[in-house]
Amino acid sequence: MTELTPDLTAFANVSSFLPVRPKVPERTSLDERRRFRTIWISDIHLGTKGCNAELLIDFLDHTDSDTLYLVGDIIDGWRLKKKFYWPAEHNDIVWRILKRAHRGTRIVYIPGNHDEMVRPFAGMNFGGVEIARAAFHDTADGRRLMVLHGDEFDTIMLAHRWLAFVGDALYHAMMRLNTWVASVRKLFGLPYWSISKAAKHKVKNAVEFISKYEAIVARAAGERGVDGVVCGHIHTADIRDFDHAGTSVAYYNDGDWVEGCTALVEHFDGSMEILHWPEEIAKREAEKVAVMEAETALEAA
């Protein structure tokens, strides 16, 4: 029997207060949801104020899939060790994931560096959720993809772990600012926008790091003889093709639910797409307004 690691004691009782019913009830029935063959989400960072729980709950209420991959950093053990933070909405997310498993969705949880305390439980199954260090996924169009969190290829994590913790503290300070900006924009009826995401794309060093990281991960996939790789970790959703020894290797990053609020999905024909959920919500609201305006015009006529 695997013993609990010291890190797990920071949130060992999280599962003990999961509600029978969530605080935020499910908004849609199963037949109203957009169905996909596979969904990948990562970097939720439950246990932090930076987690966009409201947007993720909306996503989970409007989508469904045969398989769901949780690609690391689902729970932020680093932050929970410093200060316990677990609002009801974070329970609601766990409740929704476990309910999917109960309905028959295959759920594979691949822990990342922030929830590395779960890694010793690889090979076990909790409430229908499979724990794995990595996985291989076969797409509907016959491609084989390697699925992992991706911190294994982060040079800062590998060589300078102390620097990663310093960076994490600075990052969460930015997330607090991000949360404040998002609240103000919501107050004025403006759509979600991430100040940290915008800053990341403007900083040259960050752009170079992301490009190098993507190339390294794709090369590792090519060396293992697979057709592509799905990862998270760097909070930057992307779909790119890389060349390895004359063969094309697909790189997929599902992004995060702190800054971009994105998910990677596989359609039933094997095609892949990144869903930017704030944009999906805006599109849905615009369609509702258009329908209301059309109905009003018909009544006036």
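This is a predicted model: local features need pLDDT of at least 70, side-chain atom pairs count only at pLDDT 80 or more; totals for chains, interfaces and linings use all residues.
Which residues in H1 meet which residues in H3? Residues are numbered from 1 along each chain as its sequence is written, and side-chain values use heavy atoms, with hydrogens and water left out.

**Stop 1: the helix pair**

Select helix H1 (residues 53–62) and helix H3 (residues 88–103). Helices (H or I, at least four residues) and strands (E, at least two) are DSSP runs, numbered from the N terminus. The angle between H1 and H3 is about 20°, and their axes lie 9 Å apart. Axes are lines fitted to C-alpha atoms, for helices over the stretch in contact; angles run from 0 to 180 degrees between N-to-C directions. H1 and H3 are therefore roughly parallel (angles under 35 degrees).

Now show side chains. From H1, pick Ala53, Leu56, Ile57, Phe59, Leu60 and Asp61; in H3 they meet Glu89, His90, Asp92, Ile93, Arg96 and Arg100. Contact means heavy atoms within 4.5 Å.

**Stop 2: the sheet**

Move to the open sheet of five strands, in the order E6-E7-E8-E10-E9 with mixed pairing. Two strands pair if DSSP finds at least two bridges between them. Find the edges: strand E6 (135–138) and strand E9 (238–244) each pair on one side only. On average, neighbouring strands of this sheet are turned by 25° against each other, direction ignored.

**Stop 3: E9 and E10**

Select E9 with strand E10 (residues 247–253). The two run antiparallel, joined by seven bridges. Finish at His244, which stands opposite Thr247 in E10.

Methods. Angles under 35 degrees count as roughly parallel, over 145 as roughly antiparallel, 65 to 115 as roughly perpendicular and the rest as oblique.
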